[in-house]
Amino acid sequence: MSEEINKVTVNKEYKDRLFNFIFGSPENKKWTLSLYNAINGSNYTDENAIEINTIKEVLYLGMHNDTSFLLSDTVNVYEHQSTYNPNMPLRQLQYLGSLYEGYIAKNKLNKFGDELLELPVPKLVVFYNGLTEKADERILYLSDSFKGKNRNEADVEVRVKMLNINYGHNKELLEACRPLFEYSWLIDKIRQYLKIMERENAVGRAIDEVPEDFVLKPFLKEKKAEVFSMLLTEYNEEEVMELFRADGERKGRKEGEKIGDEKRLIGLICKKLRKGKDISTIADEVEEEVDVITPIVEAAKKYAPDYDVDAIYEELHKEKD
């Protein structure tokens, strides 16, 4: 790690993410505007027209979003995700409801009146830079979560645009928004170094190597302590999530082995039932207690003489449920 980074005092209480720090701070509205223009193909130039209205926990009972703002006739809800989350339409719908409530209260509108309210148009976007390969652009639908055959008749739909901002993806978008390109470059550089060095060194070295002509360079220098803390937190979370995924895979394998063992026992018992053997004989031959195999034998009776092992297994677990 460079001598300069070693001098940084890490603020472990800083909970924001670098993406939100860059694109969702009132002091960085010019970059928020650049991102908006890149996504929407617009050419707004007045950064002061942006009104940041990000939901904070203290105001909304634990609910908070990443970055949201009003611009012209739109309310823009931006979320950054380093792991794929198919439930973003539901989350964005919840955020949007709270944002509209705030908008109505601030503008003293009467939603119970007989005049149609004019509301800003919602623009919902997720910026994805996780390790799992995803398409450059994908639309996530709330209706994908609806159950039953009537899902296509739902009276509500929410569409969220998911954009892959990993370095090398969405080149036109990243070229249209220079800060987004530089953010993507920095994250990619950190991930390269994480393969060969400790997290603190990887983050520090990547920050040090940001080119001098990057528009983010002065910002990263000025906010080095906060940026360093945020990046360490993010990659610590990413490492923890990877551990959770690995643990889930291990549990899945164990569960699969358990199911396999149980089905093998059911199959063995069924073979002996076909030969007309009684419970005590079967228990002795499969080396299990009578009270263990009795439920299997009882369930198997419903499927004689074919003895469908999968059906018997489902029957046993349906009864347990």
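**Close-up views of a predicted model**

**View 1. Lys108 is exposed, with a relative accessible area of 77%.** The model shown here and in the other views is a predicted one. Lys108 belongs to the loop between α4 (88–106) and β4. Although Lys108 is not a glycine, its phi is positive, at about 50 degrees. Most residues other than glycine have a negative phi.

**View 2. Ser72 sits in the turn of the hairpin formed by β2 and β3.** Two residues separate the strands of this hairpin, and Ser72 lies in the loop between β2 and β3. Ser72 has a positive phi of about 55 degrees and is not a glycine. Is Ser72 buried or exposed? With a relative accessible area of 54%, Ser72 counts as exposed, because the cut-off for that class is over 50%. One of the bridge partners is the pair of Leu70 and Val75, the latter in β3.

**View 3. Strand β2 is covered on both faces.** In a regular strand the side chains alternate between the two faces of the sheet. On one side of β2 are Thr67, Phe69 and Leu71, on the other Ser68 and Leu70, and all of these are buried. The count for β2 is therefore five buried residues out of five. Strand β1 (residues 51–52) pairs with β2 in the antiparallel sense over two bridges. Ile52 has Phe69 of β2 as its bridge partner.

View 4. The rings of Trp31 and Phe219 are arranged edge-to-face, with 5.4 Å from centre to centre and 90 degrees between the planes. This pair links distant parts of the chain: Trp31 is in helix α3 (residues 29–40) and Phe219 in helix α8 (residues 217–222), 188 residues apart. Trp31 is buried, with a relative accessible area of 8%. Phe219 is buried too, at 6%.

**View 5. The rings of Tyr36 and Phe69 have their centres 6.1 Å apart.** Why does the pair of Tyr36 and Phe69 count as edge-to-face? The planes stand at 70 degrees, and over 60 degrees is the cut-off for edge-to-face, so the pair falls in that class. Tyr36 is part of helix α3 and Phe69 part of strand β2 (residues 67–71), so the pair ties together parts that are 33 residues apart in sequence. Both residues are buried. Ring pairs also place Tyr36 and Phe69 in a cluster with Phe19, Phe23, Tyr44, Tyr78, Phe127 and Tyr183.

**View 6. Two lysines lie over aromatic rings: Lys30 over Trp31 and Lys134 over Tyr84.** For Lys30, the charged end is 4.5 Å from the centre of the Trp31 ring. For Lys134, which lies over the face of Tyr84, the value to the ring centre is 4.0 Å.

**View 7. Strand β6 (residues 159–164) pairs with β4 (residues 121–128) in the parallel sense and with β5 (residues 137–141) in the antiparallel sense.** Four bridges join β4 and β6. One of the residues involved is Val126, whose bridge partner in β6 is Met162. Between β5 and β6 there are five bridges. Tyr141 has Arg159 of β6 as its bridge partner.

**View 8. Cys177 and Cys270 are buried cysteines.** The relative accessible area of Cys177 is 0%, and that of Cys270 is 1%. A disulfide is a covalent bond between the sulfur atoms of two cysteines. How many disulfides does a search of the whole structure find? The search returns zero.

**View 9. Ala304 and Pro305 are joined by a cis peptide bond.** Omega of this bond is about 5 degrees. Most peptide bonds are trans. Pro305 falls in the loop between α11 (290–300) and α12 (309–320).

**View 10. The protein chain has 12 helices and six strands.** Of its 321 residues, 41% are buried. Among contacts between residues at least 6 apart in sequence, 59% join residues at least 24 apart. The chain exposes about 19000 Å², and carbon and sulfur atoms supply 48% of that area.

Conventions
Residues are numbered from 1 along each chain as its sequence is written. This is a predicted model: local features need pLDDT of at least 70, side-chain atom pairs count only at pLDDT 80 or more; totals for chains, interfaces and linings use all residues. Side-chain values use heavy atoms; hydrogens and water are left out. Rings of Phe, Tyr and Trp (its six-membered ring) pair if their centres lie within 6.5 Å; planes under 30 degrees apart count as stacked, over 60 as edge-to-face and the rest as tilted. Buried means under 20% relative accessible area, exposed over 50%, partly exposed in between (1.4 Å probe, protein chains only). A charge sits over a ring if NZ of Lys or CZ of Arg is within 6 Å of the ring centre and within 35 degrees of the ring normal. A disulfide is a pair of cysteine sulfur atoms within 2.5 Å. Contact means heavy atoms within 4.5 Å. Accessible areas come from the Shrake-Rupley method with a 1.4 Å probe; for residues, only the protein chains shown count as cover. Two strands pair if DSSP finds at least two bridges between them.
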